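Please read it alongside the sequence and the coordinates.

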Amino acid sequence: ARQAKAFKVKWNLNVEPGYWGVDHKTASQWDGAAMDRFIYSHQFACYQTAWNAIHPDKQLKGFIAAVALKYKQPELKLVLVPPPDKTAVKAMNAFLRLCLHNMTEIGDWPNSQPYNCFPKGRTCVWFAHGHCDRY
């Protein structure tokens with residue numbers, strides 16, 4: 001609780017006492033979509049979901065993205081990312097399934113386009129068995 005109060009004084013952000021994840025990022029600019037990129041990030045949803053699964057006694061209250069802006073006079077912005085809700089976890093799981101699909105079935109990450117679902121005249125196993133979210 002004492003650290004949460006000190007954090008509020010220094011950064012003018014209300015944080016709930018408890019465990020928070022922190023990730024340091026850099027950015028060249030801060031635009032109108034910057035907050036959404038962090039708040040709806042699959043990366044932060046995945047980090048929090050994994051931490052909470054491994055440490056059920058130390059659940060994260062959220063994530064803090066500390067973003068260093070590469071301006072002439074550098075700035076630091078802090079973004080409080082709330083824990084993922086059920087929709088965010090569902091979206092993250094779909095994204096991870098697609099990543100796994102691309103790595104295991106297609107095997108060539110940079111070329112993971114829909115036309116690669118039928119490589120060299122064969123059908124992708126995920127598609128053939130009805131497990132592909134793409135179609």
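A residue is called buried when its relative accessible area is under 20%, exposed when that area is over 50%, and partly exposed in between, with a 1.4 Å probe and protein chains only. By that scale Ala34 is buried, with a relative accessible area of 1%.

The model is a predicted one, in which local features need a pLDDT of at least 70 and side-chain atom pairs count only at pLDDT 80 or more, whereas totals for chains, interfaces and linings use all residues. Residues are numbered from 1 along each chain as its sequence is written, and side-chain values use heavy atoms, with hydrogens and water left out.

**Confidence and overall fold**

The pLDDT, the predictor's confidence in each residue on a scale from 0 to 100, has a mean of 80 over the chain, and 73% of the residues reach 70 or more. Helices (H or I, at least four residues) and strands (E, at least two) are DSSP runs, numbered from the N terminus. The chain holds five helices and three strands, and from the N terminus on these elements follow the order α-β-α-α-β-β-α-α.

Of the 135 residues in the chain, 25% are buried. The accessible surface, from the Shrake-Rupley method with a 1.4 Å probe and, for residues, with only the protein chains shown counting as cover, comes to about 9600 Å², of which 58% belongs to carbon and sulfur atoms. With contact taken as heavy atoms within 4.5 Å, 55% of the contacts between residues at least 6 apart in sequence join residues at least 24 apart.

**The nonpolar core**

A nonpolar core is a set of buried Ala, Val, Leu, Ile, Met, Phe, Trp, Tyr and Cys residues joined through side-chain atoms within 4.5 Å. The largest such core has ten residues, namely Ala27, Phe38, Phe44, Leu60, Phe63, Ala65, Val67, Leu69, Val79 and Val81. The elements that give two or more residues to this core are S2 and strand S3 (75-81), and the largest share, five residues, comes from S2. Leaving aside residues up to four places away in sequence, Val81 touches Trp20, Phe38, Ile39, Phe44, Gln48, Gly62 and Phe63.

**Aromatic pairs**

Rings of Phe, Tyr and Trp (its six-membered ring) pair if their centres lie within 6.5 Å, and planes under 30 degrees apart count as stacked, over 60 as edge-to-face and the rest as tilted. By this rule there are five aromatic pairs. One of them is the tilted pair of Phe44 and Phe63, with 5.0 Å from centre to centre and 40 degrees between the planes. Phe44 lies in helix H3 (residues 42-54) and Phe63 in strand S2, so this pair ties together parts that are 19 residues apart in sequence. Phe44 is buried at a relative accessible area of 0%, and Phe63 is buried at 6%. The rings of Tyr47 and Phe63 have centres 5.6 Å apart and planes at 35 degrees, so they also form a tilted pair. Because Tyr47 lies in helix H3 and Phe63 in strand S2, the pair ties together parts 16 residues apart in sequence. Tyr47 itself is partly exposed, at 37% relative accessibility. Ring pairs link Trp30, Phe38, Phe44, Tyr47 and Phe63 into a cluster.

**Polar contacts and spatial neighbours**

A polar contact is a pair of N or O atoms within 3.5 Å; within protein, one must be able to donate a hydrogen and the other to accept it, and residues adjacent in sequence count only if both atoms are side-chain atoms.

| Side chain | Backbone nitrogen | Distance |
|---|---|---|
| Ser41 | Phe44 | 3.3 Å |
| Asn52 | Leu60 | 2.8 Å |

Ser41 lies in the loop between helix H2 (34-39) and H3 and is buried at 13% relative accessibility. Asn52, in helix H3, is buried at 17%, and beyond four places in sequence Asn52 touches Lys58, Gln59 and Leu60.

Pro84, in the loop between S3 and helix H4 (86-106), is partly exposed at 23% relative accessibility. Pro84 and Thr49 are 35 residues apart in sequence and 7.6 Å apart from C-alpha to C-alpha. Not counting residues up to four places away in sequence, Pro84 touches Ala45, Gln48, Thr49 and Val89.
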